[in-house]
Amino acid sequence: MDHVAVLALFDRDMREGARPDAPGARVERVGKVVRQSGADKGWNGVVWSGLDAASADAAIAEQVRFFSGLGGGFEWKLYGHDRPEDLGQRLRAAGFTAQPEETLMVAELSDLDLDVEPPEGVRLLPVTDRAGVALVADVHEQAFGDDSTLLRHQLLAQLTGDADTVVAVVALAGDVPVSAARMELPPGARFAGLWGGGTVEAWRGRGIYRALVSHRARVAAERGYRYVQVDASSQSRPILTRLGFQPLTTTTPYVYEG
């Protein structure tokens with residue numbers, strides 16, 4: 001993989017050319033910033049910027065004013081190659097809080113082994129309705145310890161409003177949900193995004209996460225996508241590396257509470 005070329009393609013395809021991630025969301029370009037205003041309870045944030053030292057502080061202040069005017073906080077998704085080099089410091093000075101850094105990892109689907117099955121006794125259930133969304137959210141809370149209200153709302157809105165743009169799946173041991181994940185399928189893009197892969201603690205280390213990655217990658221390949229991308233944590237990065245994903249840069253969410 002040509003890392004420089006693929007990263008440039010990712011920036012053009014998924015950031016500068018970002019599409020709304022849910023029904024009712026709006027993406028707009030304002031100067032050298034691309035931002036999304038989510039629908040009710042949706043994600044608000046900056047997905048791309050092309051700033052320099054002279055323009056960065058004013059652009060940050062402008063986005064703070066805009067999203068504060070909407071009555072809530074937002075996220076500035078900062079990548080390791082974004083400019084200026086001190087953009088993270090400028091965001092912190094403006095009142096943002098950095099969340100844990102992750103690694104942007106990408107794989108070309110033609111290079112992946114997509115024939116990975118879940119371990120014995122575990123089956124994968126496609127999520128298509130409110131009951132399935134509840135299972136995904138319950139696993140998310142157990143695996144990550146986070147509140148799943150936003151996830152429930154957004155995933156249900158996607159499934160009911162534009163089901164072709166999202167795939168969600170739950171791994172069941174018998175009738176017990178033990179892992180879950182989803183995939184974003186932006187129309188017209190070359191990258192499918194893998195999100196939310198989480199396994200409850202007692203079931204980790206058995207190959208379920210690998211099976212969920214393979215399942216979603218097969219769907220992406222069937223639908224004509226060329227690449228899959230993941231914002232990988234330190235826990236998932238070794239697994240993804242063994243599967244054939246390659247690190248391109250880092251990504252850090254900077255959160256402004258408003």
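Which residues touch the most other members in the largest nonpolar core? They are M183, V228, L240 and F245, in a core of 21 residues. A nonpolar core here is a set of buried Ala, Val, Leu, Ile, Met, Phe, Trp, Tyr and Cys residues joined through side-chain atoms within 4.5 Å; buried means under 20% relative accessible area, exposed over 50%, and partly exposed in between, with a 1.4 Å probe and protein chains only.

The model is predicted: local features need pLDDT of at least 70, side-chain atom pairs count only at pLDDT 80 or more, and totals for chains, interfaces and linings use all residues. Residues are numbered from 1 along each chain as its sequence is written, and side-chain values use heavy atoms, with hydrogens and water left out.

Helices (H or I, at least four residues) and strands (E, at least two) are DSSP runs, numbered from the N terminus.

Leaving aside neighbours within four places in sequence, F245 is in contact (heavy atoms within 4.5 Å) with M105, V106, A107, L112, L194, V213, V228, V230 and L240. Another core, of 17 residues, lies apart from this one and includes V46, V64, L87 and Y256.

**Helix 4 and helix 5**

Helix 4 (residues 130-144) packs against helix 5 (residues 149-161) at an angle of about 150°, and their axes are 10 Å apart. The axes are lines fitted to C-alpha atoms over the stretch in contact, and angles run from 0 to 180 degrees between N-to-C directions. The two helices are therefore roughly antiparallel, a term for angles over 145 degrees. On the helix 4 side, R130, V133, A134, V136, A137, D138, H140 and E141 meet L151, R152, L155, L156 and L159 of helix 5.

**Two loops**

G73 is in the loop between helix 2 (56-69) and strand 4 (74-79). Because its relative accessibility is 28%, G73 counts as partly exposed. Not counting residues up to four places away in sequence, G73 touches N44, Y256, E257 and G258. G73 and G258 are 185 residues apart in sequence, but their C-alpha atoms are 4.5 Å apart in space.

P84 is in the loop between strand 4 and helix 3 (87-93). A cis peptide bond joins R83 to P84, with omega about 0°. Most peptide bonds are trans.

Conventions. Parallel < 35°, antiparallel > 145°, perpendicular 65-115°, else oblique.
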